Amino acid sequence: MSNSESARITIDTKRVISEISPLLFSGFAEHMGRCIYEGIYDPTSPQADEQGLRKDVLAALRELNYRSMRYPGGNFVSGYHWEDGIGPKDQRSARRELAWQSIETNQFGTDEFIQFCREIDTEPMLAVNLGTGSIQDAVNLVEYCNAPRGSKYANMRASNGESTPYGVKYWCLGNEMDGAWQIGHLDAVEYGKKAREAAKLMRLQDDSIELVLCGSSSSKMPTYPEWDRIGLELCWELVDYHSMHYYADNLADDTPSFLSLSAAFEDYVETVAAVLRYVKAKTRSKHDVRLSWDEWNVWYKAREISDMRGGWSEAPHLIEEIYNLEDALVVAQWLNVFLRRADVLKIACIAQIVNVIAPILTTSDKILKQTIYYPLLMFSQMASGNSLDVLVEAPRYETKQFGDMPLLDVSSSHDEAAGMNAIFIVNRSLTEGMSIEIHWGDVTPKRISSAHQLSGNDPKAFNSWEAPNRLTTRPIYAPKIIDGAAQLSLPPLSFTVLGVEL
């Protein structure tokens, strides 16, 4: 391909895919490694507030504006007894945590998590233990969080300092129960029946809650997508969302294919969405179940068994992935897919938020924003309203994994109330820039009011403590709109975001 090649993007605000759920910009915090301890919560840090929460971490999380936060796991939840983490801290017992072979001090539990969510203005999403836990344990936690005073667990919450119910709306029925690695692993029928009974009782406790059923923990699982069908058929009328998990990798060191992984993401969504359509038809239901992609991220550099086992220590350094430019471009495309499939995707939680495969790393007194922080920030700030079906005409290139793929990956949103159109563009080319023209089919835009770009020459470049701002989104010249169209040149290996006033 030469520099003379060009592309065209056509925006039509009437070509609406769906309203964008704000919950697509959500996070996941697990009791693993240093996500909670030395991440969110570190009373010994000079950055700690009076509650032990890291002020610098809170500020970065507020900037990302996560709309909900899934907690406490992850594999951790399948062996977790939530009552260990409530009450006076000096009376909480430490436990040997089996999922990650760590010591769990229980100094941070349900009440601390709710306070943390309030600090960053996010909706809590609690997972219940359907591994070693009983359906009664799950119901008791709903009572603890959501019931008014006057019963055992609601009074327990009040005695721990919170008389007003927490009103937790979103609940996950276990975690990755299809996985043989999961504590208390169940087959699809066993899990579906247990999840169904838990859901029935949890709804009797609070009929306003919304429930997430465990789907396949990966599209590579031998039981996928049959697991999804069985669980959904057993639980359809009782649940609101069905979960998806996926971790992307470049183990083959094949950057052209890695930068086309959006094809795999879209295939995964389409397959599970087809299962949803099938089960709804088979059960003759009028009820809809949507998708919750409640674990997603790039993860492959820190995957040795030693990276995932804590040696029975507190807050061990586990899977602290270092993210580079190509990882950030994959994350940007993942978010593009969320917008393009906003019709069925309603929740998405990046795994995780601090230290453990996360956009933020910490030392005792500093934080580092990794490359993937910046696409998360741009989408969270800019994508609102409706997702648009964009026409993209772009040169193509050949990949080993996905065959012929376009060099551009694009999504767009239109917020009619704000009069704003946002356009998100990834140039996958490793070596060549591209000239693009943007046209608006049904409106004449006033101006492009903001333009930001993340780019670099080396796909393996990353931010470090020594060079923390090597790769960030930077303001670029906002192109003029002439005769209803705009032109700009995209560098190779780039992610560009335009804000357009309509």
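This is a predicted model: local features need pLDDT of at least 70, side-chain atom pairs count only at pLDDT 80 or more; totals for chains, interfaces and linings use all residues.
Residues are numbered from 1 along each chain as its sequence is written, and side-chain values use heavy atoms, with hydrogens and water left out.

Side chains of opposite charge can pair when their charged atoms come close. With a salt bridge taken as a side-chain nitrogen of Lys or Arg within 4 Å of a carboxyl oxygen of Asp or Glu, a search of the whole structure gives 33 salt bridges. One of them joins aspartate 389 to arginine 15, with an N to O distance of 2.9 Å. This pair links distant parts of the chain, 374 residues apart, since aspartate 389 lies in the loop between β15 (386-388) and β16 (391-393) and arginine 15 in the loop between β1 (6-11) and β2 (16-19); helices (H or I, at least four residues) and strands (E, at least two) are DSSP runs, numbered from the N terminus. On a scale where buried means under 20% relative accessible area, exposed over 50% and partly exposed in between (1.4 Å probe, protein chains only), aspartate 389 is partly exposed at 35%, and arginine 15 is partly exposed at 46%.

A salt bridge is also formed by glutamate 197 and lysine 200, whose closest N and O atoms are 2.9 Å apart. These two residues are three residues apart in helix α5 (residues 188-205) and are therefore separated by about one helical turn.

Aromatic rings of Phe, Tyr and Trp (its six-membered ring) are counted as pairs if their centres lie within 6.5 Å, with planes under 30 degrees apart called stacked, over 60 edge-to-face and the rest tilted; the count comes to 27 aromatic pairs. Among them, phenylalanine 76 and tyrosine 80 form a tilted pair, because their ring centres are 4.8 Å apart and their planes stand at 35 degrees; both phenylalanine 76 and tyrosine 80 are buried. The rings of tyrosine 246 and phenylalanine 265, with centres 5.5 Å apart and planes at 85 degrees, are edge-to-face. Because tyrosine 246 lies in strand β10 (residues 241-248) and phenylalanine 265 in helix α8 (residues 262-282), this pair ties together parts that are 19 residues apart in sequence. Tyrosine 246 and phenylalanine 265 are both buried, and one aromatic cluster includes Tyr246, Phe265, Tyr268 and Trp293.
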